[in-house]
Amino acid sequence: LAHAGPFSIKLVYVAFLAVVVAALMARSVVNIAPVLVLQNASWCLPYAIYLLILGLALYGSPAETMAPRQVLYLFGCLSMAGLLATRLDASSILRIGALLGLLAFILVVEVKAWENGLSWTIAVPRFLTTGDLDFIVYSFFRGVFNSAGDDGEITVKAAEKNTVAVCVFVLGLLFRIGFTRRGSDWLGFGITMLVMFLIVLLNTRSVLLVSGLALVLVAVLRHRISKRMSTAGWIGRFTGIAFAAGITAIVVSADHPVNEVIFERLAFADDSTEGRVVQYEDALSQIEENLLLGSGYYQSVGRTIHNLFLSSWVHAGLPAFLLVVAFYGALLATWLGLVLRIVQRPELWVIATPFEWVAVLPLLPAFRVWLSGDAGHLFLGEWIALACFFGLVLRNRLLLAEEGQMKNDHVSLSADQDPQWSSGFGARFG
């Protein structure tokens with residue numbers, strides 16, 4: 001949108017800032033702010049201190065905007081969580097918003113492709129018949145990923161492409177989370193298949209791997225927490241699983257160019273993997289030379305280190321690394337602790353959103369910090385995933401507390417009144 005000194009003002013930043021302002025103006029969010037901060041302090045506080053140290057270490061360097069950008073994302077994440085936690089129609093917002101996001105992506109790509117004389121109706125059949133991912137990425141998607149500049153280069157900006165892939169994956173999860181009715185979510189199943197296909201086209205291996213793992217984890221959690229499912233529910237689930245398994249078996253076993261492309265991407269034998277190995281070796285060498293205070297701004301293979309733990313140590317030294325470890329450990333502990341607790345006691349999840357889809361939201365952020373660009377820091381979609389996860393968790397906690405208070409009030413009222421009055425009260429109000 002504009003430039004302000006070393007900062008590029010983008011629509012993403014304006015949107016996150018608008019979320020922060022909306023949260024500050026919402027009295028309901030302000031009222032629960034202490035609970036929101038306390039619930040997330042274990043991982044937010046180490047990360048905030050780390051960003052302060054990182055900002056000082058990178059000040060004046062080409063990457064000096066890295067820390068302020070993450071600060072905005074962090075505040076935007078907490079603000080979005082607070083807004084979701086206080087909305088009665090949070091599920092509808094996620095369902096409709098995710099669908100609009102996916103439709104907007106498809107439409108924007110179509111419009112930008114027209115400028116190059118292309119369309120989805122040309123690109124998709126060509127990929128399905130030839131498996132030509134180079135055409136998809138470097139011809140079809142190029143106008144979208146490079147639209148921020150006018151250089152006309154053939155190369156595609158990997159950071160933008162990966163960010164879009166992450167967002168598409170998160171939108172797919174949020175669409176499933178927004179389903180609150182009984183029965184099978186057949187529309188959600190179709191959207192999930194569409195999202196998986198888009199992720200294949202976007203050619204981002206880490207997102208593809210995590211998306212497959214997420215679907216497996218969803219199935220396991222659903223089995224564990226839905227032991228009292230109705231017969232119709234079990235029939236619908238069995239039918240869906242059998243259908244998906246059959247289609248997967250046919251597709252995987254077929255001798256098709258698309259299969260070859262997917263297997264090649266999952267083989268970890270490409271320039272991207274080799275480049276990361278070189279980066280990690282360079283990072284370890286830099287850490288040995290500047291163990292305590294770090295080396296400041298540093299690039300390897302023309303990029304910052306694609307690993308949050310190594311990049312933090314290289315840029316800002318041992319204290320920054322320890323803070324990142326504390327942030328990551330607290331995030332994992334909070335996430336896994338909640339999942340295990342709900343699996344053991346499903347009655348603790350009282351909101352209508354399906355917990356199995358909520359539970360996999362932090363999976364991609366937890367994985368991507370090990371190998372993503374921007375020095376391993378979380379991107380737009382990953383912060384949204386964390387915001388929705390912690391917002392829905394807080395909403396569930398608030399409803400649990402409200403139910404507990406109502407029960408306590410009822411018990412207190414019954415104990416304080418005489419039997420005759422209590423009998424009349426119960427008869428009139430149930």
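How are α4 and α9 oriented to each other? In this predicted model, the axes of helix α4 (residues 90-114) and helix α9 (residues 186-202) cross at roughly 40 degrees and come within 12 Å. The two helices α4 and α9 are therefore oblique to each other, and their crossing is left-handed. On the α4 side, the contact is made by Arg95, Leu99, Leu102, Phe105 and Ile106; α9 contributes Leu187, Gly188, Ile191, Leu194, Val195, Leu198 and Leu202. By class, the residues of this contact of α4 with α9 comprise ten nonpolar, one polar and one charged.

The crossing of α8 and α10 is right-handed. Helix α8 takes part in the contact through Ala165, Val166, Phe169 and Arg176, and helix α10 through Val207, Val210, Ser211, Ala214 and Arg222. The contact of α8 with α10 has six nonpolar residues, one polar residue and two charged residues.

Ser372 is placed in the loop between α17 (363-368) and α18 (380-416). With a relative accessibility of 1%, Ser372 counts as buried, since the term applies under 20% relative accessible area. When neighbours within four places in sequence are left aside, Ser372 is in contact with His306, Asn307 and His377.

Definitions and conventions: Residues are numbered from 1 along each chain as its sequence is written. This is a predicted model: local features need pLDDT of at least 70, side-chain atom pairs count only at pLDDT 80 or more; totals for chains, interfaces and linings use all residues. Side-chain values use heavy atoms; hydrogens and water are left out. A crossing is left-handed if the near helix is turned anticlockwise from the far one by less than a right angle, and right-handed if clockwise. Helices (H or I, at least four residues) and strands (E, at least two) are DSSP runs, numbered from the N terminus. Contact means heavy atoms within 4.5 Å. Ala, Val, Leu, Ile, Met, Phe, Trp, Tyr, Cys and Pro count as nonpolar, Asp, Glu, Lys and Arg as charged, and the others, Gly among them, as polar. Buried means under 20% relative accessible area, exposed over 50%, partly exposed in between (1.4 Å probe, protein chains only). Axes are lines fitted to C-alpha atoms, for helices over the stretch in contact, and angles run from 0 to 180 degrees between N-to-C directions. Angles under 35 degrees count as roughly parallel, over 145 as roughly antiparallel, 65 to 115 as roughly perpendicular and the rest as oblique.
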